[in-house]
Amino acid sequence: MNMIRGFRLLAMRPIYTFAADKTPATTQGKQQQAKPIQVYKDGQLITKNYLQLKKSQDIEGYVLTLVKNYYRTTNKSALSLDSELEQHGLDSLDSIELSMQIEEDLGYVISAETLPVLNKLRHYVNYIKQVEQYKVENNAAPLA
């Protein structure tokens, strides 16, 4: 372990929570809220809440911004909701990384079976809309 002036340096990586901690659980008829996540940023442990996207415009803007800010995206000026990831230099591994970022930001759990169908930005938007609609109708997040 590296030591600087008696302090131990910790790796600067996020603390991950399990899917069971992310989804609200029903216990004896009471609804528990999803726990906020804790991450290390600039050497400090910070607590952040999940984003809540209610409007369609917010969801579309979030997905566009997410992909535009992704470091491997090419041709960012031509990015639209109907764009395929391959048109912008992204492959299936990039799709997984984008999905992981969505999970981290929104508190969702995206199953491995869902990943192959997320080829366009519109697919991500539709997926987020469906999860948000499910959350409103059932007052709980889906398991996968």
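**Fold, confidence and charged pairs in the predicted chain**

The chain contains four helices and six strands, and the model that shows them is a predicted one. Read from the N terminus, these elements follow one another in the order β-β-α-β-β-β-β-α-α-α. Of the 144 residues in the chain, 30% count as buried. The accessible surface of the chain comes to about 9,900 Å², and 51% of this surface belongs to carbon and sulfur atoms. When contacts between residues at least 6 apart in sequence are considered, 51% of them join residues at least 24 apart.

The average pLDDT is 78, and 72% of the residues reach a score of at least 70. Helix α2, which spans residues 56-69, has the highest confidence, with a mean of 94, whereas strand β4, made of residues 30-31, has the lowest, with a mean of 39. Over residues 6-33 the pLDDT stays under 50, although the model has 42 contacts beyond four places in sequence for these residues. Where pLDDT is low, the predicted coordinates should not be read in detail.

Charged side chains were examined next. Side chains of opposite charge can pair when their charged atoms come close. With salt bridges taken as a side-chain nitrogen of Lys or Arg within 4 Å of a carboxyl oxygen of Asp or Glu, the count comes to five. In one of these salt bridges, K129 pairs with E60, and the closest N and O atoms are 3.9 Å apart. Because K129 belongs to helix α4 (residues 121-138) and E60 to helix α2, this pair ties together parts that are 69 residues apart in sequence. Both partners count as partly exposed, K129 at 29% relative accessibility and E60 at 21%.

A salt bridge is also formed by the side chains of D82 and R122, with a distance of 3.5 Å from N to O. This pair links distant parts of the chain, since D82 is placed in the loop between α2 and α3 while R122 is placed in helix α4, 40 residues apart. R122 counts as partly exposed, with a relative accessibility of 28%. Taken together, E60, D82, R122 and K129 are linked in a network of salt bridges.

A further salt bridge joins D94 to R72, the closest N and O atoms being 3.5 Å apart. Here, too, distant parts of the chain are linked, with D94 in helix α3 and R72 in the loop between α2 and α3, 22 residues apart. The two partners fall into separate classes of accessibility: D94 has a relative accessible area of 2% and is therefore buried, whereas R72 has 37% and is therefore partly exposed.

A polar atom of the E103 side chain lies 2.8 Å from the backbone nitrogen of I110. I96 is likewise found in helix α3, which covers residues 92-106, but at 33% relative accessibility I96 counts as partly exposed. Together with L93 and M100, I96 makes a nonpolar surface patch of about 280 Å².

Notes: Residues numbered from 1 in each chain as written. Predicted model: local features only at pLDDT ≥ 70, side-chain atom pairs only at ≥ 80, totals over all residues. Heavy atoms only, no water. Patch = residues over 30% accessible without salt bridge, like charges linked within 9 Å, V, L, I, M, F, W, Y side chains within 5 Å. Areas by Shrake-Rupley, 256 points an atom, 1.4 Å probe, with all protein chains shown as cover. Helix = DSSP H or I, 4+ residues; strand = E, 2+ residues; numbered from the N terminus. Buried < 20%, exposed > 50% of the residue type's maximum accessible area, 1.4 Å probe, protein only. pLDDT = per-residue confidence, 0-100. Contact = heavy atoms within 4.5 Å. Polar contact = N/O pair within 3.5 Å; in protein donor to acceptor, adjacent residues only side chain to side chain.
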